[in-house]
Amino acid sequence: MLTQGVSNQSAIHEDNGKPITKHRGFLSMRFPEHNLTVEYYRVPFLVMTDRPPPNASQKVRGAVRVDALHWYSKKWAGADVLVFNAGHWWNPGKTIDV
């Protein structure tokens with residue numbers, strides 16, 4: 001969608017040399033014509049997920065640590081705009097069964 005507003009689409013590039021397609025991890029895309037960088041981070045949780053606590057029931061498969069941000073959060077520091085997609089939370093079984 002953003003590329004449609006750029007007159008020279010060949011000038012758009014990913015900072016780390018990755019193709020701008022579906023992927024895992026993150027992309028950092030530059031739009032030099034508008035002095036704009038868009039960073040995309042794919043993480044199912046904004047916080048850390050961890051092993052179950054000691055002595056937890058066998059039914060407990062993991063823990064969501066709301067006291068610790070995901071390590072990608074260091075890359076978000078200084079961002080002017082953050083966009084969060086929470087749509088997957090409304091699709092049962094898409095991420096993990098909580």
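Visitor: Among contacts between residues at least 6 apart in sequence, what percentage join residues at least 24 apart?

Guide: The model is a predicted one. The reference set holds the contacts between residues at least 6 apart in sequence. Within that set, the share joining residues at least 24 apart is 28%.

Visitor: What percentage of the residues count as buried?

Guide: A residue is called buried when its relative accessible area is under 20%. The protein has 98 residues, and the share of them that counts as buried is 18%.

Visitor: Which pattern does the secondary structure follow along the sequence?

Guide: The secondary structure comes to one helix and five strands. Read along the sequence, these elements give the pattern β-β-β-β-β-α.

Visitor: Which strands stand at the edges of the open sheet?

Guide: Three strands form this sheet with antiparallel pairing, in the order S1-S2-S3. An edge strand has a single partner strand, so one side of it is left without a neighbour in the sheet. The strands in that position are S1 (13–14) and S3 (36–41).

Visitor: How many bridges pair S2 and S3?

Guide: S1 and strand S2 (residues 26–31) run antiparallel and are joined by two bridges, with Met29 in S2 as the bridge partner of Glu14. S2 and S3 also pair in the antiparallel sense, and there Phe26 stands opposite Tyr41 in S3. The number of bridges between S2 and S3 is six.

Visitor: Which residue of the hairpin of S2 and S3 takes a positive phi?

Guide: This hairpin has four residues between the strands. The phi in question is near 50°, and the residue that takes it is Asn35.

Visitor: What distance separates the C-alpha atoms of Gly5 and Glu33?

Guide: Gly5 lies in the segment before S1 and counts as partly exposed because its relative accessibility is 48%. Setting aside residues up to four places away in sequence, Gly5 touches Glu33 and His34. Gly5 and Glu33 are 28 residues apart along the chain, and their C-alpha atoms are separated by 9.7 Å.

Visitor: Is His70 buried or exposed?

Guide: His70 is found in the loop between strand S5 (63–69) and H1. Not counting residues up to four places away in sequence, it touches Val43, Phe45, Leu46, Val47 and Met48. Its relative accessible area is 15%, and His70 is therefore buried.

Visitor: Which residue's side chain reaches the backbone oxygen of His70?

Guide: A polar atom of the His70 side chain lies 2.9 Å from the backbone nitrogen of Tyr72. The backbone oxygen of His70 is reached at 2.7 Å by a side chain whose residue lies in helix H1 and counts as buried at 17% relative accessibility. That residue is Ser73.

Visitor: Which residues make the nonpolar surface patch of about 400 Å²?

Guide: One member of the patch, Phe84, is found in the segment after helix H1 (73–76).

Visitor: With which residues is Val64 in contact, leaving aside its neighbours within four places in sequence?

Guide: Val64 lies in strand S5 and, at 40% relative accessibility, counts as partly exposed. Its C-alpha atom is separated by 9.0 Å from that of Pro52, twelve residues apart along the chain. Beyond its neighbours within four places, the contacts of Val64 are Phe45, Val47, Met48 and Thr49.

Visitor: Which residues are linked in a network of salt bridges?

Guide: Side chains of opposite charge can pair when their charged atoms come close. Asp50 and Arg65 meet in a salt bridge at 3.8 Å, N to O; this pair links distant parts of the chain, with Asp50 in strand S4 (residues 47–50) and Arg65 in strand S5, 15 residues apart. Arg65 also forms a salt bridge with Asp67, the closest N and O atoms being 3.4 Å apart. The network therefore consists of Asp50, Arg65 and Asp67.

Visitor: Is Asp67 buried or exposed?

Guide: Its network partners Asp50, at 38% relative accessibility, and Arg65, at 33%, count as partly exposed. The limit for exposed is over 50%. Asp67 has a relative accessibility of 64%, so Asp67 counts as exposed.

Definitions and conventions. Residues numbered from 1 in each chain as written. Predicted model: local features only at pLDDT ≥ 70, side-chain atom pairs only at ≥ 80, totals over all residues. Heavy atoms only, no water. Patch = residues over 30% accessible without salt bridge, like charges linked within 9 Å, V, L, I, M, F, W, Y side chains within 5 Å. Areas by Shrake-Rupley, 256 points an atom, 1.4 Å probe, with all protein chains shown as cover. Salt bridge = Lys/Arg side-chain N within 4 Å of Asp/Glu carboxyl O. Pairing = 2+ DSSP bridges. Buried < 20%, exposed > 50% of the residue type's maximum accessible area, 1.4 Å probe, protein only. Contact = heavy atoms within 4.5 Å. Polar contact = N/O pair within 3.5 Å; in protein donor to acceptor, adjacent residues only side chain to side chain.
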